[in-house]
Amino acid sequence: MFLKRLQNFVNDQELFLQSVAATLTSSSKHPSLWYSTRSNSEVLLQKLKKSERKPLVTSINELKREARLRRKERQSVQEISLQPPANGLLVKGLVPIAHEVYAARSELLSCVSTVIKRSIVYYCRVCGEVHIGHPPHKIRTCNVAESAPNKEHGWEIGGLQHVFPTVESFHLYDRLGRAVSHNEQLQVDRIPAVVELCIQAGVDITEYPTRRRSFPIYKVAGRTVDFERRFPRNLSLGQDINTYGFWNDRKRLSVNAISLNSDDFKVTAARGMELWDKMIKGTEKLMETYGVQTCGYCSEVQVGPKGHRVRNCQAYKHQMRDGQHAWQEATVDDLIPPVYVWHVQDVHTTQPLLDNLKRYYGILPAVVELFSRAGANVAARYTSSMKEDVVVPRLDEMKLVV
């Protein structure tokens, strides 16, 4: 009896392995069956729950190990030489990249504002989801407290701020100085976080001065030793401070950037696609060296080695933190949030996207989708999420689809 059961078990295992091998063979012959119809396009569209924290870039064990090393260094009274930019000096190899990112962002705003004039952008007034093109989709993904019972979106005409949102950060005169306190939040300008990252990496802007050191700083027993004077003699701390100046600066940055007049619509879109990739790749290189912090529960960002102390967090359990942010290492998506939108091959269709066919639709960042509809070529790194090898079935073909 035992030998018979053992033989049946072996036969069942062989049948299982044969079925798995057949599935892998068919999927290798038809890649669309392996990733396209089963790819999790909706995962990128889903937002974190209020009680969920953003995933950590560095593991918690690595963070604990670094904290133990810092605590051990503070106990030993010895001089520690730091490397740029931790010692206050610039990384010379990243200064050209910072200028490229700053120039690419300024020109990209001009390209987006030019292309968006000939396109239609919708946004949901309830959940904020964005759709590019007419008519807006009917996919029921509006899942917030104030949404309708059928989870359909309430569409309104959107603009540049919905396609290319701006994340702001406090501008620091000294990136290694003390953090911005709660009482100073109206005395410090807030500028786009990408611009602040470029300034700290070597871009000089007259409106936003920053301290450039000639000599490095040192650490002795956990204390920072700066041999340069903190401020020059001719600097007045109370001069030229506008408590509400960042509102005017925000308007000025947006208006001055929209100055491109191009006759060729497709060339402008292709140029914008190149600038988008250049800005993303350059920002990633800068963030590998220059620290950027973000709140684990809200969208607040602070460029620099540490976060600020402004108690304006309204996210999950902010009462337990007294309104302070739960700072952690940021990613490029925190500085340049990619607003994902639904994508289909036929951009000239007059039929809205339906909810029961959503697994056949691809997704793209809103800026990339805007330029692709204008005729620009999409980069190869977006191929896996576009689902170009999937044909969207008609309603009468739904019963034939497995």
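**View 1. Asp-174 and its contacts.** Setting aside neighbours within four places in sequence, Asp-174 is in contact with Arg-211 and Arg-213, where contact means heavy atoms within 4.5 Å. Asp-174 sits in the loop between strand E5 (168-170) and strand E6 (190-192); helices (H or I, at least four residues) and strands (E, at least two) are DSSP runs, numbered from the N terminus. Asp-174 counts as buried because its relative accessibility is 13% (buried is under 20% relative accessible area, exposed over 50%, partly exposed in between, with a 1.4 Å probe and protein chains only). Thr-210 is 36 residues from Asp-174 in sequence, yet their C-alpha atoms are 6.2 Å apart in space.

Before moving on, please note that this is a predicted model, in which local features need pLDDT of at least 70 and side-chain atom pairs count only at pLDDT 80 or more, while totals for chains, interfaces and linings use all residues. Residues are numbered from 1 along each chain as its sequence is written, and side-chain values use heavy atoms, leaving out hydrogens and water.

**View 2. Helix H5 meets helix H11.** The axes of H5 (residues 95-115) and H11 (residues 366-373) come within 10 Å and cross at roughly 55°; axes are lines fitted to C-alpha atoms, for helices over the stretch in contact, and angles run from 0 to 180 degrees between N-to-C directions. H5 and H11 are therefore oblique to each other (under 35 degrees is roughly parallel, over 145 roughly antiparallel, 65 to 115 roughly perpendicular, and the rest oblique). On the H5 side, look for Leu-108, Cys-111, Val-112 and Val-115, which meet Val-367, Leu-370 and Phe-371 in H11.

**View 3. The sheet E3-E2-E4.** Here three strands form an open sheet in the order E3-E2-E4, with antiparallel pairing; two strands pair if DSSP finds at least two bridges between them. At the edges are E3 (130-132) and E4 (155-157), each pairing on one side only. From one strand to the next, the twist averages 30°. Strand E2 (residues 121-124) and E3 are joined by three bridges, and Val-121 has Ile-132 in E3 as its bridge partner.

**View 4. The sheet E1-E7-E8.** This open sheet has three strands in the order E1-E7-E8, and the pairing is antiparallel. E1 (79-81) and E8 (223-225) stand at the edges with a single partner strand each, so one side of each has no neighbour in the sheet. The twist averages 35° from one strand to the next. E1 pairs with E7 (residues 218-220) over three bridges, and Ser-81 stands opposite Tyr-218 in E7.
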